[in-house]
Amino acid sequence: MITELRPGEVFVFGSNADGWHAGGAARTALERFGAVWGEGHGLHGRSYAIDTMSGFAVIEEEVAGFLGFAAGHPELRFVLTPIGTGVAGYEPEEIAPLFVGAPGNVVLPTEFDSALAAE
């Protein structure tokens, strides 16, 4: 569980479209890293929300948008939580492939590294 960030790091977490950050990593983002209640997408404070609750096609779009954002901000380091694998109910093996080819400033969670290594 990530509870602190180094300078220049951004906490990337799974959210719902309405930005109700009531539990899990979303709550951590709200309490510690500047996530905003009611904002379920994008950068807020030192956090970046990815909607994982609106279906897999939306996750694919959100991840693609995030990866573009990360590529455009090489001065930042994005620490990714295992998005989509909690309340959203996906397995790491389903979500991890969306991050193949991620820019070097995106740090994948162990669960995704393991899933990609197993392929």
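**The aromatic rings and their setting**

Y48, F66, F69 and F78 are linked into a cluster by ring pairs. Rings of Phe, Tyr and Trp (its six-membered ring) are paired if their centres lie within 6.5 Å; planes under 30 degrees apart are called stacked, over 60 edge-to-face, and the rest tilted. The model is predicted, so local features need pLDDT of at least 70 and side-chain atom pairs pLDDT 80 or more, whereas totals for chains, interfaces and linings use all residues. Residues are numbered from 1 along each chain as its sequence is written, and side-chain values use heavy atoms, without hydrogens or water.

By the ring rule there are eight aromatic pairs. One of them, F56 with Y90, is tilted, at 5.5 Å centre to centre and 55° between the planes. This pair joins distant parts of the chain, 34 residues apart: F56 belongs to helix α2, and Y90 to the loop between β4 and α3 (92-95). Helices (H or I, at least four residues) and strands (E, at least two) are DSSP runs numbered from the N terminus. F56 is partly exposed at 27% relative accessible area, while Y90, at 17%, is buried; buried means under 20%, exposed over 50%, and partly exposed in between (1.4 Å probe, protein chains only).

F69 is partly exposed, with 23% relative accessible area, but F78 is buried at 0%.

F66 and F78 also belong to the largest nonpolar core, of 22 residues, where they, V63, I83, F99 and F112 touch the most other members. Such a core is a set of buried Ala, Val, Leu, Ile, Met, Phe, Trp, Tyr and Cys residues joined through side-chain atoms within 4.5 Å. β1, β3, α2, β4 and α4 (110-118) each contribute at least two of its residues, and α2 gives the largest share, five. Beyond its neighbours within four places in sequence, V63 contacts I50, I83, L98 and F99, contact meaning heavy atoms within 4.5 Å. A separate core of nine residues includes L5, F11, F33 and V79.

The strands form an open, mixed sheet of five, in the order β2-β3-β1-β4-β5; strands pair if DSSP finds at least two bridges between them. β1 (9-15) and β3 (47-51) run parallel over five bridges, with G14 opposite I50. Helix α2 (56-71) packs on this sheet and touches β1, β2, β3, β4 (77-80) and β5.

How values were computed: Axes fitted to C-alpha atoms, helices over the stretch in contact; angles between N-to-C directions.
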